[in-house]
Amino acid sequence: MRIILILAMSISLGAVLLLVVSEMPEYGCPDSPVRNEVAMRYIEKGVEETGAQNLVSAILTDYRAFDTLGEVTVLFVAIVAAIAVLGCYSLGRTCPVDEEGD
Amino acid sequence: MYKEEILILRVVVRFMMPFIQIYGCYIIVSGHLGPGGGFAGGTIVAASMILYALTFDVDRALDKVPHKHATMLESLGGIWFMSCGIVGLLLGGNFLANGQIGVPLGTPGRLLSGGLVPVIYFGVGIKVAMTIMSLYFSLVEEDR
């Protein structure tokens, strides 16, 4: 019974996803909605406005630099979490769990 | 432990280390000219130090880059990024503004071009490298 339910849900979800994908514009199609004025502005004026030849870098650290700051914050939070969990073994301290014995 | 048995690996790693690190630094510095940037280059620099720690010993890698310095430089990379943003505020533009506040942009294609883009990528490179290294050191020190 459970297997039938799982199969039915998977197939219906897959069918919906395939329907959505089949409606998507072709790759490189000139009428696709992602080719709007934002992308054209980056391509036409990106080098002139940022001075960086690499447009990916220009978008990453100039137009969308605030987003990159968020990525850097994610890295920082990740390492803070790792040190909070594992850091009692590093930096010369003794772990409170080890002090209790066993 | 088994240090004598991996002579070939140690010789090859000792030969490869400077090339890997120079390649990583090149990718960080030329992030505004070609593919690459702070994230990719920092990962390569950190991978070279992890390779060193795996081949030789974690203690020798910790002699080169102490764990405390790695965490400190990691935080400084984030502060560097935010300082670059505050420069934009001080000069009368938006946070993290580049061209609109009158930073000299230079000729596109030269190494010194792009205004704040290579400066920000330098901080990101340091931060990513030190994040991965201190993550590795934290994980390895648990077993000792």
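Trainee: What should I know about the model and the numbering before we start?
Mentor: The model is predicted: local features need pLDDT of at least 70, side-chain atom pairs count only at pLDDT 80 or more, and totals for chains, interfaces and linings use all residues. Residues are numbered from 1 along each chain as its sequence is written, and chains are lettered from A and ligands numbered from 1 in the order in which they are written.

Trainee: How many helices and strands in chain A?
Mentor: Chain A has 5 helices and 0 strands. Helices (H or I, at least four residues) and strands (E, at least two) are DSSP runs, numbered from the N terminus.

Trainee: And chain B? How many there?
Mentor: Chain B has 5 helices and 0 strands. From the N terminus on, its elements run α-α-α-α-α. Its C-alpha atoms fill a box of roughly 60 × 30 × 20 Å along the principal axes.

Trainee: What span should α1 of chain A have?
Mentor: At 1.5 Å a residue, the 22 residues (2-23) should span 32 Å, and the end C-alpha atoms are 32 Å apart, which agrees. The expected span is 1.5 Å times one less than the number of residues.

Trainee: Which residues of the largest nonpolar core touch the most other members?
Mentor: Ile120(B), Val124(B), Ala129(B), Ile132(B) and Met133(B), out of 39 residues in that core. α4 (65-86) of chain A and α1 (7-29), α2 (38-55), α4 (67-90) and α5 (117-141) of chain B each supply at least two residues. α5(B) gives the most, with 14 residues. A nonpolar core is a set of buried Ala, Val, Leu, Ile, Met, Phe, Trp, Tyr and Cys residues joined through C-beta atoms within 7 Å.

Trainee: What does Ala129(B) touch?
Mentor: Gly42(B), Val45(B) and Ala46(B), not counting residues up to four places away in sequence.

Trainee: At what angle do α2(B) and α5(B) pack?
Mentor: About 35°, with their axes 7 Å apart. Axes are lines fitted to C-alpha atoms, for helices over the stretch in contact, and angles run from 0 to 180 degrees between N-to-C directions. Residues meeting there include Gly38(B) and Phe39(B) in α2(B), and Tyr121(B) and Tyr136(B) in α5(B).

Trainee: Last one. Where is Leu96(B)?
Mentor: Leu96(B) is in the loop between α4 and α5 of chain B. Leu96(B) has a positive phi of about 65° although it is not a glycine.

Trainee: Buried or exposed?
Mentor: Leu96(B) is buried, because 24 other C-beta atoms lie within 10 Å.

How values were computed
A residue is buried if 20 or more other C-beta atoms lie within 10 Å of its own, exposed if 12 or fewer, and partly exposed in between; C-beta atoms are placed from the backbone. Two residues are in contact if their C-beta atoms, placed from the backbone, lie within 7 Å.
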